[in-house]
Amino acid sequence: MTFRTPTRRLFLGGALTTATAGLILPRSARAQEAVNFQLSWLHSVQFGGSYIAQDKGYWSDNGLEVSLLPGGPNAPVEPPVVAGTALVGISAADYTAAAVNQGAPFKIIGVAMQKNPFAIASLAENPVNSPADLVGKKIGMALANMPVLEALCAINDVDIDAIEVVPTQYDPAPLVQGQVDCLLCWATDLPVAMEIQGIDNVTMLLADHGYAVHSQTYIATEDSLANRRDELVALMKGEVMGWQDYKADPAAAAALTVEMFPDAGLDPETQRLQAERQVPLMFSDLTEAEGFGWFTDETVAANIETLELLGKPVSADLWDRSILEEVHG
Amino acid sequence: MSGALAQRGRLAARLPGGALIALLLALIAWEAIARLTAQSFFIAAPSAIVAHMTDHAGLLWRAFAVTLWAAVRGFVWGNLAGVLMALLVVLLPRAERLVATLALLVFCLPLVATGPILRVLFGPGEGPQVTLAALAVYYTTFLPVLVGLRAAPQGWFDLVRSYGRGRMVALREVRLPAALPYLVAGLQIAAPAAFLGAMVGEFTGAERGLGVLTVRALRALDLPATWSIAVIASAVSVLAFAAVGWAGRRLDLAPPQVLLASPVEARQSRWRGPGEALLALVVTLALWKGAMELFALPRFFAKRPEDVWAYMVSGPGAEAHRAKLLGAMAETLSFTAPGYVAGLAFGAGLAVVLTLAPRAASLTMPVAIALRSIPIVATAPLIVWALGRGAAGTIAVVAVMIFFPTLVACLHGLARTPRAVLDLFEVYAAERWRRMLGAQLPAMLPAFFASARMAIPAAILAVTTAEWLATGRGVGALMATVASTSDYGMLWSAIALIGLVAVIVHGLVGALERWVLSRTNAEQLAR
């Protein structure tokens with residue numbers, strides 16, 4: 001049982017532990033800097049590019065030894081990044097904005113999902129194809145996501161009082177059982193699960209209806225940006241290379257994920273479908289031109305507008321492209 | 001050991017045919033219902049569960065081993081802590097209020113707050129799982145053991161004293177033997193709780209284990225997987241429960257004594273109560289701040305007492321924060337109270353029924369244990385489906401969470417009826433219900449009140465869970481929402497308020513307990 005204490009002083013302790021471990025474990029000729037990378041959920045192909053980077057040595061070639069820490073239902077990303085136990089975390093612009101408004105010193109240094117994965121999922125016989133279809137429907141969602149629905153309604157002039165919100169757990173059962181007409185969920189998980197179970201369903205991506213919020217964003221503290229730039233650049237370089245490989249062959253990324261985590265209970269077919277579905281969210285004309293993870297003043301401005309509607313006002317300072325510029329430059 | 005449970009083994013041996021047929025019929029009915037409702041994804045058929053278990057035997061086995069090992073370590077540490085705290089209170093009676101308050105407050109800490117902190121403290125690995133398993137069991141061991149340490153006749157203490165011996169001898173010769181049956185009850189309650197604690201602990205970012213697989217299965221609408229995990233969790237809990245009971249019977253516990261003690265008069269100083277309360281408050285605040293400073297937890301997510309004070313009282317927006325939190329709390333309490341009473345009544349009532357009709361125990365106990373050992377995230381959807389998202393569903397979730405410890409404690413309490421008293425009823429050929437009312441129920445009272453105190457934090461946690469998963473109202477929904485938006489000021493304010501409410505209710509139940517026990521079981525109040 002390792003006992004980690006997250007003070008700056010004890011970073012040294014962490015480094016020492018790693019050094020000791022290095023004496024026992026076989027190591028490459030180059031000194032490896034050990035960092036933790038906090039993922040936002042359980043291991044799955046959602047982080048396929050990172051597994052490729054790990055597997056192909058894109059990090060170790062750059063002198064970085066990365067531990068990928070899985071998330072979970074009660075594992076928010078922000079605390080370990082603030083505490084310094086993780087150098088970088090996977091968050092989303094709305095979560096990061098909320099944390100910054102509460103005093104967390106975060107910057108967004110890269111954007112994996114250009115299009116937000118939030119979607120309204122419904123059954124094919126009672127579909128929600130546009131925001132207007134929500135009127136008179138029962139929607140199942142976590143109450144924490146209420147601002148998301150409010151923003152969608154505001155952008156599309158839909159009367160939110162005409163929608164009945166039912167608080168549900170994050171699983172497809174309430175929809176399939178007919179307790180609700182639709183679900184607010186990620187396009188890449190619950191709809192995929194229903195597809196695999198043979199349930200005909202329809203997804204409406206919020207991003208296609210004006211909801212512009214960067215997702216699966218890379219966050220780091222201002223302190224790390226000032227003092228640990230080399231490690232940040234090395235980590236993001238590995239990410240960019242890994243995700244480029246992912247784009248070339250999502251099915252291989254899915255296969256690698258299943259192979260790397262035999263204890264995670266992953267279904268190969270589900271992983272393959274999910275890998276395919278997240279490609280259009282992560283890669284666009286913008287990333288084609290500028291490279292994976294990129295963002296521009298325009299995409300940031302669109303985010304600021306939506307975040308304002310979400311009640312999370314932020315300035316463009318929240319985004320910092322300097323690491324990406326070094327990676328791609 | 002309770003008579004009902006002690007007879008289980010023998011009953012099963014005597015009636016294999018009937019029990020087997022009943023089991024077979026139940027399985028057939030289960031299979032039929034599952035197949036008929038397959039389109040709505042409620043219930044997995046036994047055949048599908050078996051098929052899933054065979055297909056994924058390796059995966060399930062590895063996950064089970066990981067979770068079990070964390071649960072076992074948590075079980076050991078948590079019970080050790082519970083027993084040590086009870087010993088401390090008996091040896092230093094003046095420390096009782098303080099120790100009991102701190103134990104209660106720590107038990108009230110919700111997973112949304114402890115999860116991230118434990119993960120930051122321990123880093124990757126199984127530290128949080130073990131800790132959460134330990135946290136899930138220490139309180140339900142502490143309270144019964146404390147009752148047991150006091151369940152000895154006053155005359156024996158006088159005897160020890162007349163030989164010029166002190167507290168340690170009284171502890172070794174009188175108190176510890178008296179506490180053993182209560183320890184067995186505590187350990188039996190702890191067995192499913194530790195396993196559940198380890199599973200839920202995996203929600204804080206674990207690599208593997210049955211908890212991880214549960215989350216995955218729920219989202220994938222993989223019913224056979226969800227139910228396979230539920231079956232495994234229940235089976236291991238039933239086995240652990242039975243093993244502890246078996247070990248308890250092997251200890252050859254002394255038959256219960258007639259506990260005579262003279263009624264206790266409340267003769268304490270007017271300042272003692274408020275003084276102890278103030279001390280508990282000061283120590284709590286000091287530990288809260290001290291621990292966070294010691295581990296240098298960032299203020300961003302580990303709010304200190306003064307941060308909560310600023311958020312709720314002196315800082316900007318305090319009035320709005322207060323209104324929001326108090327409104328949510330009022331709503332939560334309106335569901336907690338009926339659920340608490342229902343769970344206690346159901347648990348104690350079932351204990352009485354099972355004592356009067358021991359044969360029913362062999363069918364009832366496994367179901368009761370299963371209900372307690374499956375994560376509420378897996379059972380809540382079924383309860384919601386059956387009872388809806390309104391008051392009935394919430395109250396049912398609370399009752400499910402607290403009736404099991406109550407049932408076990410009360411069964412053990414009933415079994416502590418002194419032999420001599422039962423013989424007396426026998427001599428007069430008294431009816432069973434008369435014996436229950438006159439002899440067994442009074443013997444059960446200390447155990448019942450211990451479970452009434454155990455159930456306070458459990459009921460609050462259950463309501464907040466139901467609010468988070470199903471109703472979307474009250475403090476539970478508020479805590480889930482603010483945790484996902486990094487509003488840790490509100491989260492810690494909610495925790496502080498929950499702690500305060502728990503302590504107040506605990507005080508009220510304690511007062512009622514003293515009032516009743518001073519008339520029926522005065523030995524519990526002798527210091």
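# Strands, helices and contacts in a predicted model

Analyst: In this predicted model, strand E1 (residues 33–38) of chain A runs parallel to strand E3 (residues 88–91) of chain A, and two bridges join them.

User: What makes E1 and E3 of chain A count as a pair?

Analyst: Pairing needs at least two bridges between two strands. E1 and E3 of chain A have two bridges, so they pair. In E3(A), A:Gly89 is the bridge partner of A:Gln38.

User: Which sheet has both strands, and in what order?

Analyst: It is an open sheet of five strands in chain A, with the order E2-E1-E3-E10-E4. The pairing is mixed.

User: Why are E2 and strand E4 (106–113) of chain A said to stand at the edges?

Analyst: E2 and E4 of chain A each have a single partner strand, so one side of each is left without a neighbour in the sheet. Neighbouring strands of this sheet are turned by 25° against each other on average, direction ignored.

User: Which strands does helix H9 (residues 229–248) of chain A lie across?

Analyst: H9 of chain A lies across E1, E2, E3, E4 and strand E10 (215–221) of chain A. To E2(A), H9 runs at about 70°.

User: What is the strand order in the open sheet of chain A that has E7 and E9?

Analyst: The order is E7-E6-E8-E5-E9, again with mixed pairing. Strand E7 (164–167) and strand E9 (201–205) of chain A each have a single partner strand, so they stand at the edges. The twist averages 30° from one strand to the next.

User: How do you know that strand E5 (residues 118–123) of chain A pairs with E9(A)?

Analyst: The cut-off is at least two bridges. E5(A) and E9(A) have five bridges, in the antiparallel sense, so they pair. A:Thr203 in E9(A) is the bridge partner of A:Ala121.

User: Why is A:Arg272 called buried?

Analyst: A residue is buried if 20 or more other C-beta atoms lie within 10 Å of its own. A:Arg272 has 21 C-beta neighbours inside 10 Å, so it counts as buried. A:Arg272 lies in helix H11 (residues 268–282) of chain A. Leaving out residues up to four places away in sequence, A:Arg272 touches A:Ala251 and A:Ala254.

User: How much of chain A is buried?

Analyst: Buried residues make up 55% of the 329 residues in chain A.

User: How do you know that the radius of gyration of chain A agrees with a compact globule?

Analyst: With 329 residues, a compact globule would have a radius of gyration near 20 Å. Chain A has 20 Å, so the two agree. Along the principal axes, the C-alpha atoms of chain A fill a box of roughly 65 × 40 × 40 Å.

User: What makes up the side of chain A that touches chain B?

Analyst: Here 48 residues of chain A are in contact with 55 residues of chain B. Helix H3 (78–83) of chain A is among the elements that supply at least two residues of this side. H3(A) gives the largest share, five residues. The side divides into 27 nonpolar, 15 polar and six charged residues.

User: How do you know that the length of helix H5 (residues 96–108) of chain B agrees with its residue count?

Analyst: At 1.5 Å a residue, the 13 residues of H5 of chain B should span 18 Å. The end C-alpha atoms are 18 Å apart, so the span agrees.

User: Which residues of H5(B) are buried, and what covers them?

Analyst: The buried residues are B:Ala100, B:Thr101, B:Ala103, B:Leu104, B:Leu105, B:Phe107 and B:Cys108. What covers them includes helix H4 (57–91) and helix H7 (127–150) of chain B.

Technical notes. Residues are numbered from 1 along each chain as its sequence is written. Chains are lettered from A and ligands numbered from 1 in the order in which they are written. This is a predicted model: local features need pLDDT of at least 70, side-chain atom pairs count only at pLDDT 80 or more; totals for chains, interfaces and linings use all residues. Helices (H or I, at least four residues) and strands (E, at least two) are DSSP runs, numbered from the N terminus. The expected span of a helix is 1.5 Å times one less than its number of residues. A residue is buried if 20 or more other C-beta atoms lie within 10 Å of its own, exposed if 12 or fewer, and partly exposed in between; C-beta atoms are placed from the backbone. Two residues are in contact if their C-beta atoms, placed from the backbone, lie within 7 Å. Axes are lines fitted to C-alpha atoms, for helices over the stretch in contact, and angles run from 0 to 180 degrees between N-to-C directions. Ala, Val, Leu, Ile, Met, Phe, Trp, Tyr, Cys and Pro count as nonpolar, Asp, Glu, Lys and Arg as charged, and the others, Gly among them, as polar. The radius of gyration is taken over C-alpha atoms; the globule rule is 2.2 Å times the number of residues to the power 0.38.
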